[in-house]
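Thanks for making time this morning. Please have the sequence and the 3D view open while I talk.

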Amino acid sequence: MISPETFARYAAMRVPRYTSYPTPPHFSAAVDETEYRSWLRALPPDEPVSIYLHIPFCRDMCWYCGCHTTASRRRAPVSRNAAILAREIELVATAVGRKLTAAHLHWGGGSPTSLAPDDVALIHGALKRTFEFDPMAEGAVEIDPRTLTPELAGAFARAGVNRASLGVQSLDPRVQAAINRIQDFDTVAAAVRMLRERGVPAINFDLIYGLPFQTVQSCLDTVEQALRLQPDRLAVFGYAHVPEFKAHQRKIDEAALPGPAERHEQAESIARALTARGYRQIGLDHFAPPGDSLAAAAEAGTLHRNFQGYTTDPCRTLIGFGVSAIGRLPQGFVQNATRIPDYERRVAGGHLATVRGYRLDSDDRRRARVIEQLMCDYRADVSGLEAPLEKLESEGIIRRSGNLIELVEEARPLVRVVAAAFDAKLPASTARHVTAV
């Protein structure tokens, strides 16, 4: 049994989210455009890839946001960036030298709903010219319910989108006012209806706990309202308060933020409410019904984790397009320029947008495998790796059997702390991370 004091101490630790290893703060300019071109040329011609598109605009800035995005209500900069993104797709395809098969496509941001329907068609056209899409490919898009229109929903459906993730966050009016994101239940319901009527079959909801003025009851009220719309999956994220990196988060009243114990109770209460309604918890923060492919992957031990969270996507290669987009190739990671003017200038000049990355070595690969196993399965074979596990074991966080380690069930919310024990770069890192719970 873990004591409340022990749990609280670990819950307050600041550790990475581990959607990759190494994490982006360890990327450097040592991996540049020239290196990226050589990696692209070396991609196996018969191996499918995944694609990520980053749309770096939103209509308004939500104060909790931790994404690379810019608020803009003007159409011109958004459409200009969309045209540049389409040009980047062509440049990368030329660098590859042949059509690759795409098995997964994700539109993220920012907010893809800042695009006009013509922008969506332009980007989709560039993708169709340069990639072969698997007939069973998943096409996913992140949706701001406040800015979705029937025309835009139709454009995404025509672009092959078959899964939409709606940013619900919280339906408590007081919380919404405190984070500058006003959207009532009817707005979310209208967005769901628009998507389903246009043939987008799978609907996901994103919820957030740990927001200002949020309580356990307000979280449960949001869950109850959300379930009326019958989402296929839900993701439940803890708010990451890092105002030293995201200046707009300084507008949030820190005194109104729940403490670590209340954050944990909010997360646990949401999980209990969802599992009571038939959803299965997948990894740290996803929920899906038993028949869902994500639940099946978790059951079979084939679940994966990438920059979009938990996924069934098995592709080794993720090609990222757009401002700040991160790609993963067999050799390592690459990231595009993070400022819109720098990104647009590079692509307009005929250059790939890559400005930094990381080349993996054998130790990185072993640690990445263990960290992903822990994040997905709460257990891992740690053969050949050294890690400071003694205290985690003596305090009841993990149990060991030979080379196998496993988190005890009540310690699962602390999985990122255990993963951090295998992060060889964390002790020397100066990056600021979020609390474990």
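**A walk through the model**

Let's start with a cysteine. Cys 315 is buried, because its relative accessible area is 8%. Keep in mind that this is a predicted model. Where does Cys 315 sit? It is found in the loop between β13 and β14, with β14 spanning 318-321. Set aside the neighbours within four places in sequence, and Cys 315 is in contact with Pro 48, Val 49, Ser 50, Ala 103 and Arg 328. Take Arg 328 from that list: 13 residues separate it from Cys 315 along the chain, and their C-alpha atoms are 9.7 Å apart.

Next, helix α10. This helix covers residues 293-300, and its buried residues are Leu 294, Ala 295, Ala 297 and Ala 298. Why do these sit on the same side of α10? Because they cover an arc of only 160 degrees around the axis. Here is the background: an α-helix has 3.6 residues a turn, so residues three or four places apart point the same way. Now turn to the other side of α10. There, Glu 299 and Ala 300 are exposed.

What covers the buried residues of α10? The cover includes four strands: β9 at 233-238, β10 at 280-282, β11 at 286-288 and β13 at 309-311. Look at the two ends as well. At the start of α10, Asp 292 places a side-chain oxygen within 2.7 Å of the backbone nitrogen of Leu 294. After α10 comes Gly 301, with a positive phi near 75 degrees.

β9 also leads us to another loop. Glu 254 is in the loop that runs between β9 and α9, where α9 is 260-276. Beyond its neighbours within four places in sequence, Glu 254 is in contact with His 241 and Pro 243. Pro 212 lies 42 residues from Glu 254 along the chain, yet the two C-alpha atoms are separated by 7.4 Å.

Now some helix packing. Two packed helices are described by the angle between their axes and the distance between the axes. Take α3, residues 75-96, with α4: the axes come within 9 Å and cross at roughly 0 degrees. α3 and α4 are therefore roughly parallel to each other. From α3, the residues that meet α4 include Val 78, Ala 82, Leu 85 and Ile 89. On the α4 side, Leu 122, Ile 123, Ala 126 and Leu 127 are among those taking part.

α4 has another partner, α5. α4 is residues 117-130 and α5 is residues 150-158; they pack at about 10 degrees, with axes 9 Å apart. So α4 and α5 are roughly parallel to each other too. Here Pro 117, Val 120 and His 124 of α4 meet Glu 151, Leu 152, Ala 155, Phe 156 and Arg 158 of α5.

On to a sheet. In what order do its 3 strands run? The order is β18-β20-β19, the sheet is open, and the pairing is antiparallel. β18 at 379-381 and β19 at 398-401 stand at the edges with a single partner strand each, so one side of each has no neighbour in the sheet. On average, neighbouring strands here are turned by 15 degrees against each other, direction ignored. 4 bridges join β19 to β20, residues 404-407. Within that pair, Ile 398 stands opposite Leu 407. Helix α12, residues 362-377, packs on this sheet and touches β18 and β20. The direction of α12 makes about 155 degrees with that of β18.

Most residues other than glycine have a negative phi, and most peptide bonds are trans. Tyr 378 is not a glycine, yet has a positive phi of about 65 degrees. Tyr 378 is in the loop between α12 and β18. Is Tyr 378 buried or exposed? Buried, with a relative accessible area of 7%. Gln 169 is not a glycine either, and has a positive phi of about 65 degrees. Gln 169 lies in strand β7, residues 163-169, and is buried at 9% relative accessible area.

Then the cis peptide bonds. One joins Tyr 21 and Pro 22, with omega about -10 degrees. Pro 22 lies in the loop between β1 and α2. Another joins Gly 109 and Gly 110, with omega about 25 degrees. Gly 110 belongs to the loop between β5 and α4.

Definitions and conventions:
Residues are numbered from 1 along each chain as its sequence is written. This is a predicted model: local features need pLDDT of at least 70, side-chain atom pairs count only at pLDDT 80 or more; totals for chains, interfaces and linings use all residues. Side-chain values use heavy atoms; hydrogens and water are left out. Buried means under 20% relative accessible area, exposed over 50%, partly exposed in between (1.4 Å probe, protein chains only). Helices (H or I, at least four residues) and strands (E, at least two) are DSSP runs, numbered from the N terminus. The arc is that of the directions from the helix axis to the C-beta atoms. Contact means heavy atoms within 4.5 Å. A polar contact is a pair of N or O atoms within 3.5 Å; within protein, one must be able to donate a hydrogen and the other to accept it, and residues adjacent in sequence count only if both atoms are side-chain atoms. Two strands pair if DSSP finds at least two bridges between them. Axes are lines fitted to C-alpha atoms, for helices over the stretch in contact, and angles run from 0 to 180 degrees between N-to-C directions. Angles under 35 degrees count as roughly parallel, over 145 as roughly antiparallel, 65 to 115 as roughly perpendicular and the rest as oblique.
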